[in-house]
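Morning, everyone. Let me put the structure up, and then we'll walk through it.

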Amino acid sequence: MFSETIELRGHIIDSLILPKVLVQILTHGANFKIGEIKIGKKRADQSFARIEVSAETTEALDELVLRLRQHGAEVAKRADAQLAQAPADGVFPREFYVTTNQQTFVRCDGKEIEVQPAMMDSAIAVDRKKHSARAVKFFDVSKGDEVVVGHQGIRVVPVQRSTSRTDLFQFINTTIDADEPKSAIIRELARELQRARRAKGKVAIVAGPAIVRTGAGEHLVRLIELRYVDRLFAGNSFAVYDVERALFGTSLGMNLDLAFARGGHENHMRAINAIREAGGISAAVQKKILTGGIMHACVRRHVDIVLTGSIRDEGPIPGVTIDVVEAQKVMREKLADVTHVLLLATIQHSLAVASMLAPTVKTVCVDIDPSAVERAVEHQPLQSIGLVTDVEPFLQELADCIADSGPVAAGDRKRQ
Amino acid sequence: MRELLLCPPDFYGIEYEINPWMSRARGAEAALAQKQWKELYATLSKLDCKIHLVAPQPKLPDMVFTANAGLTVGRKFIPSNFRHQERAGEAPHFAKWMEEHGYEIRWLPDDLYFEGEGDALFGDDVLFCGYKFRSDIQSHRAVADMLGCLVISLELVDPRFYHLDTCFCSLPDGTAVWFPAAFEEYGQRAIREHVTELIEVLPEEAMHFSCNAVVIERDIVLSEGAPKLVATLRDHGYRCHQLPMSEFIKAGGACKCLTMFMPQRQ
């Protein structure tokens with residue numbers, strides 16, 4: 001939303017100019033917020049109102065303000081944001097403005113520009129010629145780039161809480177503890193994901209190794225097969241465990257019946273080697289080396305796999321981004337059009353993804369650790385649900401609910 | 001005794017088109033215009049009015065419409081800032097004349113359009129002001145600041161009734177004559193809230209500029225062609241003086257447009 005502050009002065013109450021202006025704002029599909037109002041005490045006293053008018057586009061706002069000026073509205077003078085040049089590559093000017101993940105506007109040359117994308121813990125670089133403003137990380141900024149400093153000329157629009165009772169996220173918007181019932185929420189989440197599919201939303205899964213180790217992999221595979229997953233974000237170890245399970249039936253040498261397989265401790269190393277030898281996960285699927293599991297399902301169903309590395313990784317397997325700065329870039333890029341995110345049993349990866357999300361992305365976090373859930377959902381205070389539970393029963397119930405209502409029609413989903 | 005300012009129609013004519021009534025193809029007959037104006041002068045003179053005349057100026061044909069010279073309250077005169085360049089030349093002549101006659105000239109900022117008594121009419125202690133076609137609403141605030149009175153701003157929506165005095169006329173008993181369709185909804189509501197009784201003019205009578213009337217106590221001087229309004233006004237105890245105004249209606253004006261009160265209010 002774009003906004004402008006207008007001021008009305010005069011006998012705006014007796015002349016009914018104030019209600020007229022407010023009605024005009026609404027009939028033009030815009031909104032208003034009265035910031036200040038002073039009503040004259042005596043008959044001849046003039047009144048004053050300061051009104052923030054917001055509209056969907058700058059064009060709609062300009063046209064509306066032009067109309068309101070006919071009725072005496074004056075545009076309140078607002079200061080431009082202050083800019084300073086980045087002193088060196090990768091260094092912001094001192095006092096740089098630090099972004100939140102809320103929709104943000106910056107005023108330059110008297111006009112508001114929306115900062116793209118809405119990304120927290122960034123600075124704002126402004127290109128006055130192109131009339132654009134972008135949220136930038138350290139590695140994005142070059143010496144001489146103009147960066148916003150201080151808070152002047154900045155407007156942040158928090159996500160509004162919906163009053164709709166049909167919106168699961170905004171209605172519930174809480175954490176369900178371990179000892180609370182979850183079935184109703186999971187059923188509603190299934191319906192929400194179905195609505196997202198129909199609306200061409202994009203669903204991302206951030207998956208931790210516990211999914212494989214607890215045996216929940218088969219349920220995730222069902223979701224993938226039902227075409228409810230567009231992106232999979234995970235670490236090297238998740239992929240390795242999944243491949244180990246697919247090739248040897250174990251994860252970290254352990255069978256699902258809690259028995260250690262003979263020579264099982266070697267299995268994950270052999271799994272890594274197999275994928276490296278094949279030239280990567282996709283190649284292993286094509287060569288029919290990898291014939292089951294989550295990675296296999298992702299390749300079969302054209303799910304985007306975004307794998308990033310960590311300091312503890314063995315291998316890593318080909319396709320894992322090991323440069324952390326590069327990994328952040330890739331993750332941001334792959335999250336840009338995502339509408340729904342399921343953060344499943346992986347605190348570090350969940351926190352990294354949550355910090356990159358726009359505030360409107362609907363987020364579900366499932367973890368056995370209550371503090372992990374709490375930390376992950378705090379980035380999306382009005383768009384999140386946290387469930388403190390083992391990930392296996394959660395995924396099983398979610399997959400069951402979705403399977404009961406059938407797969408997404410093939411035509412509903414564009415192949416990637 | 002009321003004092004009025006009039007301007008003889010020596011240079012009057014339809015020389016440009018700045019409202020829907022004006023058509024250079026349908027010019028005013030100079031002799032008939034003179035006759036009609038003299039009849040107005042005579043009628044007002046008989047009503048115990050002191051009439052002042054400002055000298056007409058060549059190339060300023062609309063100077064005859066003195067109501068648009070400005071607004072006079074007490075000894076203050078607020079000259080008009082005409083919206084159209086064609087009339088802007090009138091302002092210094094009116095201001096000079098008023099100054100020479102002892103009025104304190106209170107100029108509005110140059111960027112605020114205001115067309116005097118044409119868009120500013122008192123009803124009791126309230127100054128009703130029209131805006132959009134000629135005056136800016138911003139000028140109303142400046143006038144309210146200068147005069148320290150309540151100003152009701154009314155948006156005009158019919159370009160044929162481009163000044164407030166073409167569609168609204170307040171009477172001394174708190175009543176007002178008006179043509180509601182000339183105002184938008186909120187303006188209509190504001191008028192209803194501030195006027196105790198309203199006499200509505202029929203569209204066909206409004207087209208004869210019957211709202212454009214000069215009210216001197218119980219006498220009302222208006223253009224002919226509004227029998228129903230005249231009957232209503234007589235029922236309210238007013239004496240009506242109906243005058244032919246055909247040549248001035250061709251320029252979008254009639255009795256009131258040809259007259260400015262000095263002052264409109266003390």
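One definition before we start: two residues are in contact when their C-beta atoms, placed from the backbone, lie within 7 Å. And keep in mind that this is a predicted model.

What does B:Asn68 touch, leaving out residues up to four places away in sequence? The answer is B:Ser80, B:Glu115, B:Gly116 and B:Gly118. B:Asn68 sits in the loop between strand 2 (49–53) and strand 3 of chain B. Buried or exposed? B:Asn68 has 27 C-beta neighbours inside 10 Å, so it counts as buried. B:Asn68 and B:Met260 are 192 residues apart in sequence, yet their C-alpha atoms are 7.7 Å apart in space.

Now chain B as a whole. It has eight helices and 15 strands. Of its 266 residues, 51% count as buried. Take the contacts in chain B between residues at least 6 apart in sequence: 66% of them join residues at least 24 apart.

Next, the cores. The largest nonpolar core has 106 residues. B:Cys129 and B:Cys211 have the most contacts inside it. Strand 7 of chain B, residues 126–131, gives the most to this core, with five residues. Look at B:Cys129 again. Beyond four places in sequence, its contacts include B:Asp119, B:Ala120, B:His140, B:Val143 and B:Leu164. A second, separate core has 98 residues, among them A:Val206, A:Val303, A:Val306 and A:Val373.

On to helix 4 of chain B, residues 137–147. Why call it largely enclosed by the rest of the structure? Because eight of its 11 residues are buried. Those buried residues include B:Ile137, B:His140, B:Arg141, B:Val143 and B:Leu147. What covers them? Strand 1 of chain A is part of the cover, and so are strand 3 (70–73), strand 4 (76–79), strand 6 (120–123), strand 7 and strand 8 (150–155) of chain B. Just after the helix, B:Gly148 takes a positive phi of about 65°.

Last stop, the interface. 15 residues of chain A are in contact with 15 residues of chain B. On the chain A side, strand 1 (2–10) and helix 1 (17–27) each supply at least two residues. Helix 1 gives the most to that side, with three. By class, the chain A side has four nonpolar, seven polar and four charged residues.

That's the tour. Over to you.

Key. Residues are numbered from 1 along each chain as its sequence is written. Chains are lettered from A and ligands numbered from 1 in the order in which they are written. This is a predicted model: local features need pLDDT of at least 70, side-chain atom pairs count only at pLDDT 80 or more; totals for chains, interfaces and linings use all residues. A nonpolar core is a set of buried Ala, Val, Leu, Ile, Met, Phe, Trp, Tyr and Cys residues joined through C-beta atoms within 7 Å. A residue is buried if 20 or more other C-beta atoms lie within 10 Å of its own, exposed if 12 or fewer, and partly exposed in between; C-beta atoms are placed from the backbone. Helices (H or I, at least four residues) and strands (E, at least two) are DSSP runs, numbered from the N terminus. Ala, Val, Leu, Ile, Met, Phe, Trp, Tyr, Cys and Pro count as nonpolar, Asp, Glu, Lys and Arg as charged, and the others, Gly among them, as polar.
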